[in-house]
Amino acid sequence: MIISPHRLLSILSILCLSIFSRAQKPIVRAELDSMTIFVAGQVGLNVIVVAKAGTNLQLVQLPDSLGEHVEVVSALPRDTIAQGDLVQYMQRYIITSFDTGLHLIPTLPVAIVEDSEDGNVSLPELTLKVVNPFQQIDVDEQSGVAKIFDINNAEDAPFQWSELLIYWPWLVGIIIFLILLAVCVKLYLKYGRRMDNGQKVELKPDEPCEVIALRELERIRTEKLWQHNRVKDYYSELTDTLRRYISARFDINALESTSAELIEALQSSLKDVPSAASDLDYILSQADFVKFAKHEPLPSENDKVISVAVQFVENTTPTTQPTDSTTPENIQSQNQIIGGADNV
């Protein structure tokens with residue numbers, strides 16, 4: 001049967017105490033799993049306290065740091081073994097160090113005996129050697145002191161094509177993109193210039209502002225919001241339609257202007273159409289009374305104001321001469337051409 005070092009240490013501690021069973025002070029034993037570790041490596045620290053049964057003993061947890069260079073990583077659960085009139089307490093710690101060198105684990109209290117005058121039971125001193133696994137130490141034969149060497153120069157690793165395999169998705173994507181770009185450029189050079197030079201794209205002209213305004217006014221007349229207790233909405237839609245028409249027709253900011261400012265801005269534009277200015281003044285006044293003074297107009301007034309708005313749009317729409325072939329001038333010229341051809 002193979003006995004582990006931990007169990008062997010426990011047996012030896014119990015045998016020693018059995019010889020000095022009359023002694024009242026507990027005995028402390030401590031050992032490291034290894035006296036040497038690498039930097040940042042971990043090693044086990046076993047602390048064993050053996051006391052006489054019935055001793056009022058209280059174990060003390062070791063601090064997080066054991067000196068300046070050794071730290072406690074974790075503490076494992078305690079183990080208690082009773083044998084005869086002796087009791088063994090075993091506590092295992094995992095320690096580490098991040099500094100190379102020979103470090104001393106100082107004497108620290110691990111147990112307190114409350115019934116004894118000298119109540120502190122302390123851990124014996126231990127040493128732990130921490131080495132750097134990557135450090136090559138060359139000792140001078142004469143002086144016995146380690147030699148100091150310069151840092152080695154960086155070495156150029158040989159290039160290998162296999163290293164590019166991890167980038168194959170990017171390479172494939174770039175190749176596909178370049179192919180598509182070349183195809184697009186070729187198609188543009190073949191068809192794009194021809195379309196630019198030989199074909200003209202005809203855009204559909206926008207509707208005249210008076211057509212849009214008259215259509216909106218007809219919609220407002222048909223809905224008759226004032227019959228559904230929405231008189232304010234009725235006049236708001238009416239004035240907004242006229243303001244948009246005025247903005248497009250006379251190139252002024254009618255939507256942000258007050259009624260007085262709008263009438264003043266249109267004086268020069270409506271000087272040839274006096275009735276249009278009075279019609280607009282009537283519409284805006286009626287709308288202001290409804291929206292701000294909470295005026296309740298009669299049904300006849302609601303019908304009248306929409307008719308006046310239509311009349312204002314029609315009076316301010318510029319007249320244009322017909323340019324098609326059905327005008328009298330064009331018809332007369334065509335007849336002359338036909339008559340001359342017959343005489344020939």
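Keep in mind that the model is predicted. Side chains of opposite charge can pair when their charged atoms come close.

Start with Glu216. Glu216 and Arg219 form a salt bridge, with the closest N and O atoms 3.0 Å apart. Both residues sit in helix H3, which runs over residues 209–223. They are 3 residues apart there, so about one helical turn separates them.

Next, Glu223. Arg219 also forms a salt bridge with Glu223, and again the closest N and O atoms are 3.0 Å apart. This pair lies in helix H3 as well, with a spacing of 4 residues, about one turn of the helix.

Then there is Glu237. Its side chain meets that of Arg219 in a salt bridge at 3.4 Å, N to O. Here the pair links distant parts of the chain: Arg219 is in helix H3, while Glu237 is in helix H4, residues 231–250, and the two are 18 residues apart.

Glu216 is partly exposed at 24%, Glu223 is partly exposed at 34%, and Glu237 is partly exposed at 24%. Buried would need a value under 20%, and exposed a value over 50%.

Definitions and conventions: Residues are numbered from 1 along each chain as its sequence is written. This is a predicted model: local features need pLDDT of at least 70, side-chain atom pairs count only at pLDDT 80 or more; totals for chains, interfaces and linings use all residues. Side-chain values use heavy atoms; hydrogens and water are left out. A salt bridge is a side-chain nitrogen of Lys or Arg within 4 Å of a carboxyl oxygen of Asp or Glu. Buried means under 20% relative accessible area, exposed over 50%, partly exposed in between (1.4 Å probe, protein chains only).
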